[in-house]
Amino acid sequence: MKIHEYQAKELFAAASLPVLRGIVATTAADALKAAREIGLPVVIKAQVLVGGRGKAGGVKIARSLEEVSDLAGRILGLSIKGLPVRKVLVTQAIDYDAELYLGFIIDRRTRKPVMMASAAGGVEIEEVARQSPEKILKVQIDPLIGLQAYQARDIGLRLLGDAKLAGQFSAIAQKLYSVMLAKDCSLVEINPLVKMKDGKLLALDAKLNLDDNALYRHPELEALRDDAGEDPGEVAAREAGLSYVKLNGSIGCVVNGAGLAMATMDLIKRYGGEPANFLDIGGSSSPEKMALAMKVLLGDRNVRAVLVNIFGGITRCDDVARGLLIASGELNLGTTPGFSSAGRPLGAVPVVARLIGTNQKEARDILKDSKILFADDMSAAVRKVIEVAR
Amino acid sequence: MSIFINHDTRLLVQGITGRDGAFHAQAMQGSGTQVVGGVTPGKAGQKVGAISVYNSVFEARAATGANTSMIFVPAAFATDAVYEAADAGIELVVCISEGVPTFDVVKLMAWLKGRKTRLLGPNCPGLISPGQSKVGIMPDLPFKPGKVGVVSRSGTLTYEIAWQITNAGYGESTVVGIGGDPIIGTNFIDCLSAFKDDPQTEAIVIVGEIGGSDEEEAARYVRANIRKPVFGFIAGQTAPADKRMGHAGAIISGGSGLAADKIKAFQEAGIEVCFEPAEIATKLKSRL
C-alpha cells in the first residue's frame, strides 16, 4: 500500500527525522491561508499516489500570494496518470547547497534490506540507476543485527566528504531504517535529502510503501489508505477478497491463480483481442465469490464477452459453475450489496467457460441448461471468446 | 530420481487440524505420499483420518522419523512454524501459508543461512514428483511420472503447463512451485541446479512472471551451467506498470521486471521461449 507524502512525513517526524512538514490544503483558499502562515516563497506539491508529479506539473514554487492561489487552484484541478489531485502540500521554499538521495528497499536477490544513497538526489532514482548506476552507493544490511552506524557513516563520508555531516547523515539513515522496520515497509525514501546553507540536513520529500502482508499488525496504517481515484470496481473487488485490476479492453476474464490469469490475458492479446481486466478469484472459492466476480466484470461497460478459465485444484469447478448460475439469476440467492453490474444481467454478454480439474464433470452437469459456451482447452477458449465478442 | 522429494519422503503436516491442513494431509496420502504425522500444539493424541497428531515438531519427528514438513498455519504464525521445523532437524520445509510479512521471511532466511534446512515458499503450491511423492496442494490430474523438470513462480499456471507436458506424452520428474512472493526460500537457481544433477530430468521448463529479476538471473545460470534443453514461459506481457497482479512479487516498477526483458534474457541464454502454453508440447517434441 502506498501513502501520501504528507502522511509519510508525519511518520518520519514521529521518528524524529528532520523533515519539512508543511500544511495540507484541499482548496486554493486553504492553500493561501497556509502560505500566509508559512511565509513566502512556498512550494505547492500535489498529493497523489504516483511518481513523476514534478514532470506532470504537480510541483510548483509560488513567490506571491496571487501565485499561490493561482497555482494551487491549477494543481488541484490536475489529474496525474489518471489520478485526480484532491490535496496539495504547502511547504516553505528552502535554499540548499546539495541534494542527496537516501532510500531503503528489500533486495529480492540477496533477500536482505539494502540502503541506497546518492549525491545525485532530486531526480527520479530509477533514471539515475539507468543512466549512471555508479552514482548510487549500496550497502547490504544483515536483518538480524540491522543497519550499523559505521555502514551509514561510511556512505555519508563518501557522499558529503565531511565527518560531521557524515555523522548527521548516519543518524538520519538509522532512524529511517528503524521506521522501515517498525512499520513493515517495502520501501522508505527521502528524495531529496538536502544540505542547507547552515550545514543541516533536511528531508524535503518522503516516500513510504507498506508491505500489504504486514498491514494486519498495523491497524493504524490501514486508516491512511486513500481510495480516491481508484476504480470503484477495484475497491469493491478488494473488499470482497478478489484480486482485480481494470484494463481497457472488451474481453473480461475470470481465472483462478495470478499466473494463469496473466497468461490468459496474454493469450487474448496474442489472438487479437484486448483483455478488459486481470481477475484472480483465489483458491478455495465459494460460489458467491464467483458470482461477485461476474458482477464486477459486468459493471465494466466495455466488457462484451467473458472468459472463465479455471484449472481446478483447491478451487472446485462445481463451485465456479454454481457461481455462474447465481450471477445469471438462474439460482436466486438474493442480491449482493455494494456491487453494481450496471443493470446488465449475465445473459447480456456471452460467456465462454473452460473448466478443468477438481469436479469438472459436476460443473458441466450444473451448467448443462445454461447458455454458457464451453471449450476444452485454453487456446480454444480464447479463440472462441474473441469470436463471440465481435 | 527426482529433486527434493521422492519415495523416501516422510511428511509432517504443521497445522493439520485446520480445514486446509486436514484436507490436504489426507489428499496427499491418497496420492501416495507417506504422511507420517501432523502437528498442532495442544492437540496431541487426536487423529486426522489415520494420521496421528503431535504437540510439537520435535515430538513428531522423534516418533515418526519425518524428514519433510509442510505448513498450513495462518500467516502470522508461519515463520514460527518454520523455525520450529528447522530447529527440530527437518530437511525440507514447504510453507503454503499466504500473506506472510516480507520482513519476517527476510529475517528467517538470514537465520536459515548455514543450516541444513531448505525452505520452499512461502505462498507456494508445493511440489510433486509424480508417482513418488506429493508435498503440495495441486490436483493429481495434470501430472504423470516422466522426464521433464518444471520450476514455476505460479500455481494454477504450473498445472496448465504440466498438463501440456503430460498430454504431449512426456510426464514430469519433479514440478516445483517456488511461490509468488518477493522473498522466497528456494529460487529458480536452486531448482535449476538440482535439475542439472538429476539423471531422471532430461529437459527443464521455467515458468516465470513479471516482477523482479529472478528470471534474468535464472537465464544467466542456464547459459553458464546447463546443457539439458531448457524451455521458458513468461506470464504478464499485457500487465500494466505499477499494478500488483495478484502475487506480491508481480509488479512492474521503475522499468524493471518487464516481461519483454525476461523473454529477451531467456532467448539470449538459449532458452526456447513458448508464447502460449500449447507451444510447450511442440517445442518439447522438437528437442526430445
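Let's start where two helices touch: Glu215(B), Glu216(B) and Ala219(B) in α7(B) meet Asp261(B), Lys262(B), Ala265(B), Phe266(B) and Glu268(B) in α8(B). Two residues count as in contact if their C-beta atoms, placed from the backbone, lie within 7 Å. This is a predicted model, where local features need pLDDT of at least 70 and side-chain atom pairs count only at pLDDT 80 or more, while totals for chains, interfaces and linings use all residues. Residues are numbered from 1 along each chain as its sequence is written, and chains are lettered from A, with ligands numbered from 1, in the order in which they are written. Helices (H or I, at least four residues) and strands (E, at least two) are DSSP runs, numbered from the N terminus.

**The helix pair in chain B**

- By class, the residues of the contact of α7(B) with α8(B) split into 3 nonpolar, no polar and 5 charged.
- For those classes, Ala, Val, Leu, Ile, Met, Phe, Trp, Tyr, Cys and Pro count as nonpolar, Asp, Glu, Lys and Arg as charged, and the others, Gly among them, as polar.
- Helix α7 (residues 214-225) and helix α8 (residues 259-268) of chain B pack at about 5°, and their axes are 8 Å apart.
- That angle makes α7(B) roughly parallel to α8(B) (under 35 degrees is roughly parallel, over 145 roughly antiparallel, 65 to 115 roughly perpendicular and the rest oblique).
- Axes here are lines fitted to C-alpha atoms, for helices over the stretch in contact, and angles run from 0 to 180 degrees between N-to-C directions.

**Where the two chains meet**

- On one side 46 residues of chain A are in contact with 49 residues of chain B.
- The biggest giver on the chain A side is α9(A), with 11 residues.
- That side of chain A has 21 nonpolar, 11 polar and 14 charged residues.
- Now look at helix α4 (residues 102-112) of chain B, whose buried residues are Thr102(B), Phe103(B), Asp104(B), Val105(B), Val106(B) and Leu108(B).
- "Buried" means that 20 or more other C-beta atoms lie within 10 Å of a residue's own, "exposed" means 12 or fewer, and "partly exposed" is in between, with C-beta atoms placed from the backbone.
- Those buried residues of α4(B) pack against β7 (96-107), β8 (112-118), α6 (163-183) and β10 (185-196) of chain A, together with α3 (75-87) of chain B.
- After α4(B) comes Gly114(B), with a positive phi near 90°.

**Chain A: domains and a sheet**

- Chain A is divided into domain 1 (21-92), domain 2 (96-222) and domain 3 (232-389), with bounds that come from an automatic or database domain assignment.
- Taken over C-alpha atoms, the centres of domain 1 and domain 3 of chain A are 42 Å apart.
- In chain A, 4 strands form an open, antiparallel sheet in the order β1-β6-β2-β3, and two strands pair if DSSP finds at least two bridges between them.
- β1 (23-25) and β3 (59-62) of chain A stand at the edges with a single partner strand each, so one side of each has no neighbour in the sheet.
- From one strand to the next, the twist averages 25°.
- β2(A) and β6 (residues 88-92) of chain A pair in the antiparallel sense over 5 bridges, and Lys45(A) stands opposite Leu89(A) in β6(A).
- Helix α3 (residues 65-76) of chain A packs on this sheet, touching β1, β2, β3 and β6 of chain A, and its direction makes about 10° with that of β2(A).

**Chain A: backbone spots to check**

- The peptide bond from Leu40(A) to Pro41(A) is cis, with omega near -10°; Pro41(A) lies in the loop between α2 (28-38) and β2 (42-46) of chain A.
- Another cis peptide bond joins Asn191(A) and Pro192(A), with omega about 10°, and Pro192(A) is in strand β10 of chain A.
- Lys81(A) isn't glycine, yet its phi is positive, near 45°; with 14 C-beta neighbours inside 10 Å, Lys81(A) counts as partly exposed.
- Asp184(A) has a positive phi too, near 55°, and sits in the loop between α6 and β10 of chain A.
- With 20 C-beta neighbours inside 10 Å, Asp184(A) counts as buried.

**Chain B: a mixed sheet**

- In chain B, 7 strands form an open sheet with mixed pairing, in the order β3-β4-β2-β1-β5-β6-β7.
- β3(B) and β4 (residues 51-54) of chain B pair in the antiparallel sense over 2 bridges, with Lys47(B) opposite Ser52(B) in β4(B).
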